[in-house]
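User: I would like a close look at a single part of this protein. Please keep it brisk.

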Amino acid sequence: MSLVKIIEFKSLGDDRGHLVALEGNRDVPFDIKRVYYITDTMKGVARGFHAHKNLIQVAICIRGRCKFIMDDGVQKEEVLMNNQTKGILIDKMQWHEMHDFSHDCILLVLASDNYEESDYIRNYDDFIKLAK
Ligand code: TYD
């Protein structure tokens, strides 16, 4: 089974342009408690490199593109995100990295909880131990 879960959002766009609406517990599988976005990422920069003990997130590339590497401690998968109607589910205990940001990339992230540093696993060896 693929560890990457892509959620398809309905496009409400028409001849005036695009519109995508995201509601907690409808379009994403949790109550949205926090939203953040990543923009203007410098060339060659990669981000992420952590997993969460409990947090669940959905990331949507609403402009441009970037590459996700997802890793559950058993398998690793790469996925190119470049579509505002697709979200990638970052489940708890999924090591994730984001690479190859286009300069215009706007990565929007919806999160199930407030920012809490103690929920992060930032060391890959610790992650592998905990994932087992
Ligand atoms: P960091 O975890 O390095 O981001 P990424 O996952 O993209 O590599 O976060 C950068 C800084 O921002 C770090 O000091 C933590 C802080 N931060 C918050 O205060 N709130 C948030 O919601 C997030 C995602 C980060």
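Which residues point one way from β5, and which the other way?

Analyst: This is a predicted model, where local features need pLDDT of at least 70 and side-chain atom pairs count only at pLDDT 80 or more, while totals for chains, interfaces and linings use all residues. Residues are numbered from 1 along each chain as its sequence is written, and side-chain values use heavy atoms, with hydrogens and water left out.

Now to the strand. β5 covers residues 66-71. Strands here are DSSP runs of E with at least two residues, numbered from the N terminus. Cys-66, Phe-68 and Met-70 point one way from β5. Lys-67, Ile-69 and Asp-71 point the other way. Both sets are buried. Buried means under 20% relative accessible area, with exposed over 50% and partly exposed in between (1.4 Å probe, protein chains only). So β5 counts as mostly covered, with six of its six residues under that 20% cut-off.

Next, the partners. Two strands pair if DSSP finds at least two bridges between them. β5 pairs with strand β6 (residues 76-81) in the antiparallel sense, over six bridges. Here Asp-71 stands opposite Lys-76 of β6. The hairpin of β5 and β6 has four residues between the strands. In that hairpin, Gly-73 takes a positive phi near 95°.

β5 also pairs with strand β8 (residues 95-99). This pairing is antiparallel too, over five bridges. Within β8, Met-98 is the bridge partner of Phe-68.
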